[in-house]
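Subject: Structure handover

Hello,

The sequence and model are below, followed by notes on what was found. Please read the cut-offs along with the values.

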Amino acid sequence: MPENIGEFVFPGDVVRDLKVVNGVILRGPGLHSHEEPNCLLVTRAGKLCFKPPNVYWVEGHFKRYYPKKGDLVVGIIKKSGNVCKVDIGSSEVASLSLLSFEGATKKQKPDLQVGDVVYAKLLSAHREMEPELVCVDSYYKAGKLGPLSNDGFVMNVSLNFVNRILDVNSLLLRALGQKYVFEIAVGMNGKVWINGQRTIDVLNLMNALLAAERESNSNIVNVCRRYLT
């Protein structure tokens with residue numbers, strides 16, 4: 001087990017003495033394979049994290065999103081047409097065909113305008129090509145995907161905080177749900193869409209998320225209580 005688990009690491013550092021299970025080490029963001037056996041190379045600054053039995057990653061306050069196939073993202077329409085251009089926070093805009101919605105045909109398609117917000121899934125993400133989005137699952141059903149209400153608000157958070165929000169053990173959304181009735185769509189690209197019963201409720205929810213972003217998991221509930229009174 002590496003001695004620097006939980007410590008801050010920098011690009012170029014080598015993490016050694018990793019735990020191997022069946023000859024495999026699972027590496028997440030911030031780590032790359034190394035020529036030495038049982039070692040990984042750090043590619044970005046942050047805290048080195050470990051999850052049993054053999055998962056390692058670097059956790060930090062990052063906002064630059066790199067598209068990955070299968071990610072659920074919140075995007076903003078930048079150019080409408082039969083194939084929309086969608087801002088998902090990456091270096092290139094993504095494409096979204098109006099035929100990639102449940103029940104869409106050439107004669108009956110969703111009416112998306114510039115500025116509209118969609119919750120979509122990345123169908124493809126290659127370094128040499130622009131990302132492609134769809135708003136249906138593998139069974140061609142929309143589920144939770146599709147256009148989001150214009151009554152909601154979109155905010156940007158760090159990619160690390162997105163993972164904390166989506167953690168099944170996180171108490172953040174449960175604590176906020178004790179007082180507020182709201183809808184939320186969390187994108188792996190760091191964009192979060194929120195809609196509530198009143199505008200003041202949405203503003204309080206956004207402020208609570210911003211306040212909790214830099215807090216530890218153990219202190220998140222205490223931070224949220226400021227907005228529950």
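The buried residues of helix 1 (159-166) pack against strand 7 (55-59), helix 2 (172-177), strand 15 (182-186), helix 3 (199-212) and helix 4 (220-225). Contact here means heavy atoms within 4.5 Å; buried means under 20% relative accessible area, exposed over 50% and partly exposed in between, with a 1.4 Å probe and protein chains only. Helices (H or I, at least four residues) and strands (E, at least two) are DSSP runs, numbered from the N terminus. L159, N160, F161, V162, R164 and I165 are the buried residues of helix 1. Helix 1 is largely enclosed by the rest of the structure, because six of its eight residues are buried.

The model is predicted: local features need pLDDT of at least 70 and side-chain atom pairs count only at pLDDT 80 or more, while totals for chains, interfaces and linings use all residues. Residues are numbered from 1 along each chain as its sequence is written, and side-chain values use heavy atoms, with hydrogens and water left out.

Overall layout. The chain has four helices and 16 strands. It is divided into domain 1 (7-59), domain 2 (71-147) and domain 3 (153-228), with bounds from an automatic or database domain assignment. The centres of domain 1 and domain 3, taken over C-alpha atoms, are 29 Å apart. Along the principal axes, the C-alpha atoms fill a box of roughly 60 × 50 × 30 Å. Of the 229 residues, 39% count as buried. Among contacts with a separation of 6 or more, 60% are between residues 24 or more positions apart.

Pockets. A pocket is an open set of points on a 1 Å grid over the protein atoms alone, where a 1.4 Å probe fits, with protein on both sides within 12 Å along at least five of seven lines; lining residues have an atom within 4 Å of a point. Grid points are joined across faces, edges and corners, and a volume is the space filled by probe spheres set on the points.

The largest pocket holds about 1,300 Å³ of space. It is lined by 41 residues, and W57, E59, L159, N160 and N163 are the closest to its centre. Strand 4 (31-33), strand 6 (46-51), strand 7, helix 1 and helix 4 each give two or more residues to this lining. Domain 1 and domain 3 each supply at least three. By class, the lining has 16 nonpolar, 13 polar and twelve charged residues; Ala, Val, Leu, Ile, Met, Phe, Trp, Tyr, Cys and Pro count as nonpolar, Asp, Glu, Lys and Arg as charged, and the others, Gly among them, as polar.

The second largest pocket has about 330 Å³ of space. Its lining includes R64, Y65, Y66, H126 and R127, and divides into six nonpolar, three polar and three charged residues.

Backbone points to check. Most residues other than glycine have a negative phi, and most peptide bonds are trans. The bond from P52 to P53 is cis, with omega near 5 degrees; P53 is in the loop between strand 6 and strand 7. D17 has a positive phi, near 55 degrees, and N22 also has a phi near 55 degrees. D17 counts as exposed at 51% relative accessibility, and N22 counts as exposed at 76%.

Regards
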